[in-house]
Amino acid sequence: MSDRVNVLLLCRNSIIREGLSRILAEREFNIVQSSSSSQGLTASIDCDADRSPELVLIDNGAEECDADHIVELQARFPHSNLVMLSDRFDFQIMLKAFRLGMRAYIVKEISCDRLVGTLRLVAMGERVLPSQLADELQSRPAFENAPEMEQSVDAACLSEREREILRWLIMGCPNKVISRRMEISEATVKVHVKAVLRKLGVKNRTQAAIWAANHGMRGRCYDIEPASIDSMPHPAQLPAPAPVAIHV
């Protein structure tokens, strides 16, 4: 992506806010405005589709996801992608965030480069799951009865190709990565994804991934390190991340 990505940054901690601003500014992001809260944003930030920032990055600190706050931000920035940056991984808060329309949930235990890569994926329209989700799903009790739960998978009447697609969705892979790995077109991937969502009776890829994981299905794995953003696998597939270092 050659153009600078416009970012609106909300973070209560002034030191972290300044550090994030510097990190992103050094990597071709344009910080439209940073503030400790949405109330501190200037009226001129309320933008239309042509001028709206691509990303609204929300650092929720140790607080829970506040529904009213997110709804307010969505109303003010309907054309922007909302991203939550959290101190720790919390499965329930993550689910709540995605249900409220967040495009990504990022835990701060991530390197600067992977943070930047994740934000670029979101700016391109992808929905990004945290890497910690894979460990959480595999530790859930549903996996203890995987053979029995496969009967429910069979009842969904998924084709072999659709099951393969679903295994990639569990790992949070975008359509571009799935198309390369399966050697089919991106348009074909989209068709299969829509069919999977319809057959499972879910609204989005995140719900499909959680449904599949809870019914005993496991995702595809791969370990090829990306050479560029265009070939970058979903952050959930990257090795265990190092803590982000924020210098001020």
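Is Glu28 buried, partly exposed or exposed? At 40% relative accessibility, Glu28 counts as partly exposed. The cut-offs are under 20% for buried and over 50% for exposed, so a residue in between is partly exposed.

## Overall picture

This is a predicted model. The protein chain holds 10 helices and 5 strands. Of its 248 residues, 49% are buried. The chain exposes about 12,200 Å². Carbon and sulfur atoms supply 48% of that area.

## Two positive phi values

Glu28 is not a glycine, yet its phi is positive, about 70°. Glu28 sits in the loop between helix 1 (14-25) and strand 2 (29-35).

Glu183 is also not a glycine, and has a positive phi of about 60°. Glu183 follows helix 8 and lies in the loop between helix 8 and helix 9. Its relative accessibility is 74%, so Glu183 counts as exposed.

## Helix 7 against helix 8

Two packed helices are described by the angle between their axes and the distance between the axes. Helix 7 (residues 160-170) packs on helix 8 (residues 175-182) at an angle of about 130°, with the axes 11 Å apart. Helix 7 is therefore oblique to helix 8. The crossing of this pair is right-handed.

Helix 7 contributes Arg161, Glu164, Ile165, Trp168 and Leu169 to the contact. Helix 8 contributes Ile178, Arg181 and Met182. By class, the contact has 5 nonpolar, no polar and 3 charged residues.

## Helix 8 against helix 9

The axes of helix 8 and helix 9 come within 9 Å. They cross at roughly 110°. The two helices are therefore roughly perpendicular to each other, since angles of 65 to 115 degrees fall in that class.

On the helix 8 side, the contact uses Asn175, Lys176, Ile178 and Ser179. Glu186, Val189, Lys190 and Val193 meet them from helix 9. By class, this contact has 3 nonpolar, 2 polar and 3 charged residues. Ile178 takes part here, and Ile178 is also in the contact with helix 7.

## Buried residues of helix 8

Which residues of helix 8 are buried? They are Asn175, Val177, Ile178, Ser179 and Met182. Their cover includes helix 7, helix 9 (186-200) and helix 10 (205-214).

Asn175 belongs to helix 8. Its relative accessibility is 10%, so Asn175 counts as buried. Leaving out residues up to four places away in sequence, Asn175 touches Glu126, Glu186, Val189, Lys190, Val193 and Arg205. Asn175 and Thr188 are 13 residues apart in sequence, and their C-alpha atoms are 9.4 Å apart in space.

## Helix 9 against helix 10

How do the axes of helix 9 and helix 10 lie, and at what angle do they cross? They come within 10 Å and cross at roughly 60°. That makes helix 9 oblique to helix 10. The crossing is left-handed, whereas that of helix 7 and helix 8 is right-handed.

Val193, Leu197 and Leu200 represent helix 9 in this contact. Arg205, Ala208 and Trp211 represent helix 10. By class, there are 5 nonpolar, no polar and 1 charged residues.

## Ala213 in helix 10

Ala213 is found in helix 10. With a relative accessible area of 1%, Ala213 is buried. Ala213 and Ile170 are 43 residues apart in sequence. In space, their C-alpha atoms are 6.7 Å apart.

How values were computed: Residues are numbered from 1 along each chain as its sequence is written. This is a predicted model: local features need pLDDT of at least 70, side-chain atom pairs count only at pLDDT 80 or more; totals for chains, interfaces and linings use all residues. Side-chain values use heavy atoms; hydrogens and water are left out. Axes are lines fitted to C-alpha atoms, for helices over the stretch in contact, and angles run from 0 to 180 degrees between N-to-C directions. Helices (H or I, at least four residues) and strands (E, at least two) are DSSP runs, numbered from the N terminus. Angles under 35 degrees count as roughly parallel, over 145 as roughly antiparallel, 65 to 115 as roughly perpendicular and the rest as oblique. A crossing is left-handed if the near helix is turned anticlockwise from the far one by less than a right angle, and right-handed if clockwise. Contact means heavy atoms within 4.5 Å. Ala, Val, Leu, Ile, Met, Phe, Trp, Tyr, Cys and Pro count as nonpolar, Asp, Glu, Lys and Arg as charged, and the others, Gly among them, as polar. Buried means under 20% relative accessible area, exposed over 50%, partly exposed in between (1.4 Å probe, protein chains only). Accessible areas come from the Shrake-Rupley method with a 1.4 Å probe; for residues, only the protein chains shown count as cover.
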